[in-house]
Amino acid sequence: MTTNTNNTQTILVTGANGKTGRRVAERLTARGATVRAGSRSGTTRFDWESVATWAPALRGADAAYVNYYPDLAAPGAVEAMRTFGELAAANGVRRLTLLSGRGEPDAVRAEEALRTALGSSGAELTVVRASFFAQNFNEGALADGVAAGTLAFPAAGTAEPFIDADDLADVVVETLTQDGHAGLVHELTGPRLVTFAEAAAVLSAASGHEVTYVPMSEGEYASLLQEFGVPAPDAQWLSALFAMLLDGHNAFVTDGVKRVLGREPRDFTAFATEAWAATRA
């Protein structure tokens with residue numbers, strides 16, 4: 001059983017305008033924490049591509065939600081986590097929760113870099129490894145395609161236990177505001193496996209218009225990304241990452257959400273029904 005900490009603490013939320021950062025910031029504020037919403041354009045300026053913004057954002061913070069962009073498995077992430085951890089330790093940050101990817105060996109190396117950099121500072125680190133976000137279909141890169149009726153992705157017939165970003169945010173807030181999570185790795189998934197073809201069918205029913213799944217090869221998806229303006233090296237890296245994540249090794253569910261929150265995670269159908277309810281009203 002976890003116990004409450006002082007919710008009047010100051011917490012830095014990196015990527016505060018993003019899919020998970022926005023939700024985490026809202027929940028922390030509701031709990032009475034002082035939130036530093038770190039972003040490239042906000043009052044608390046924080047940019048993963050500008051190391052000079054990191055220390056000022058960390059100074060005086062009790063805790064931090066570490067949401068690395070573009071992905072913890074991306075080139076440069078290990079070095080970034082090492083530097084960020086050193087700065088967090090030097091500025092007296094006592095608790096950090098790191099968002100990581102599920103089944104990503106390169107992300108694990110970045111996790112370890114942060115853990116090592118915190119060293120003997122006494123700072124507590126919790127790692128949250130998440131499966132593919134359900135909200136990628138209505139807030140992320142796939143949203144435009146879904147709206148147009150085509151879900152193109154390099155997933156073949158692989159099933160994925162999509163995690164609701166609201167569930168993930170609830171878990172992150174628990175780890176930042178409650179004791180008992182130091183040193184733990186929480187692996188989060190939704191309650192069941194769903195193929196992308198099945199997801200398209202659920203999205204069709206929820207949105208009221210047909211959504212068709214179009215499986216693509218890694219190379220085809222990289223070319224598609226380039227057509228939408230993604231630079232070739234980034235497109236190739238992203239496509240390779242997705243193909244690796246969806247090769248079948250992540251096709252199982254975990255009880256991470258229930259262990260932390262004491263309840264089951266939200267089902268993908270429930271997510272889709274609620275997400276498109278307003279558009280059909």
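I take a salt bridge to be a side-chain nitrogen of Lys or Arg within 4 Å of a carboxyl oxygen of Asp or Glu. With that rule, I find 20 salt bridges in the structure. I keep in mind that this is a predicted model.

**Entry: salt bridges**

I looked up R23 first. R23 forms a salt bridge with E139, and the closest N and O atoms are 2.7 Å apart. R23 lies in helix α1 and E139 in the loop between β6 and α5 (143–148), so the pair ties together parts that are 116 residues apart in sequence. Is R23 buried or exposed? Its relative accessibility is 7%, so R23 counts as buried. The cut-off for buried is under 20%. E139 has 35% relative accessibility and therefore counts as partly exposed.

I then checked what else R23 and E139 belong to. Both sit in a network of salt bridges that also includes R22, R27, D164 and E274.

Next I turned to D267. Which residue is its salt-bridge partner? It is R192, with the closest N and O atoms 2.5 Å apart. This pair links distant parts of the chain, 75 residues apart. D267 is in the loop between α10 (256–261) and α11 (268–280), and R192 is in the loop between β9 and β10 (194–195). D267 is partly exposed at a relative accessible area of 22%. R192 also counts as partly exposed, at 33%.

I noted one further pair. E264 and K258 meet through their side chains in a salt bridge, 3.3 Å from N to O. K258 is partly exposed, at 44% relative accessibility.

**Entry: helix α1**

I went back to the helix that holds R23. Helix α1 covers residues 21–30, and its buried residues include G21, V24, A25 and L28. What covers them? The cover includes β1, β2 (34–39), β4 and α6. After α1 comes G32, with a positive phi near 95°.

**Entry: the sheet**

I traced the strand order. Seven strands form an open sheet in the order β3-β2-β1-β4-β5-β6-β9, and the pairing is parallel. β3 (44–45) and β9 (185–188) are at the edges with a single partner strand each, so one side of each has no neighbour in the sheet. Helix α6 (residues 165–177) packs on the sheet. It touches β1 (10–13), β4, β5, β6 (124–130) and β9, and its direction makes about 150° with that of β5.

I then followed β5. Strand β4 (residues 63–66) pairs with β5 (residues 95–101) in the parallel sense over four bridges. A64 stands opposite L96, and Y65 stands opposite T97. On to β6: β5 pairs with β6 in the parallel sense over seven bridges. There, L99 has V128 as its bridge partner.

β4, α3 and β5 make a right-handed β-α-β unit. β5, α4 and β6 make a right-handed one as well.

How many of the residues of β5 are buried? Seven of seven. R95, T97, L99 and G101 lie on one side, with L96, L98 and S100 on the other.

**Entry: the cores**

I looked for nonpolar cores. The largest has 30 residues, and those with the most contacts inside it are W48, V66, M81, F84, L96 and L98. Among the elements giving two or more residues to this core are α2 (54–58), α3 (77–90), α4 (105–118) and α9 (232–245). I listed the contacts of L98, which include V66, L72, M81, L114 and L125. A second, separate core has 27 residues, including F132, V146, L246 and F268.

Note on methods: Residues numbered from 1 in each chain as written. Predicted model: local features only at pLDDT ≥ 70, side-chain atom pairs only at ≥ 80, totals over all residues. Heavy atoms only, no water. Pairing = 2+ DSSP bridges. Contact = heavy atoms within 4.5 Å. Axes fitted to C-alpha atoms, helices over the stretch in contact; angles between N-to-C directions. Core = buried A, V, L, I, M, F, W, Y, C linked by side-chain atoms within 4.5 Å. Buried < 20%, exposed > 50% of the residue type's maximum accessible area, 1.4 Å probe, protein only. Right-handed = clockwise from strand over helix to strand, strands pointing away. Lists of a residue's contacts leave out its neighbours within four places in sequence.
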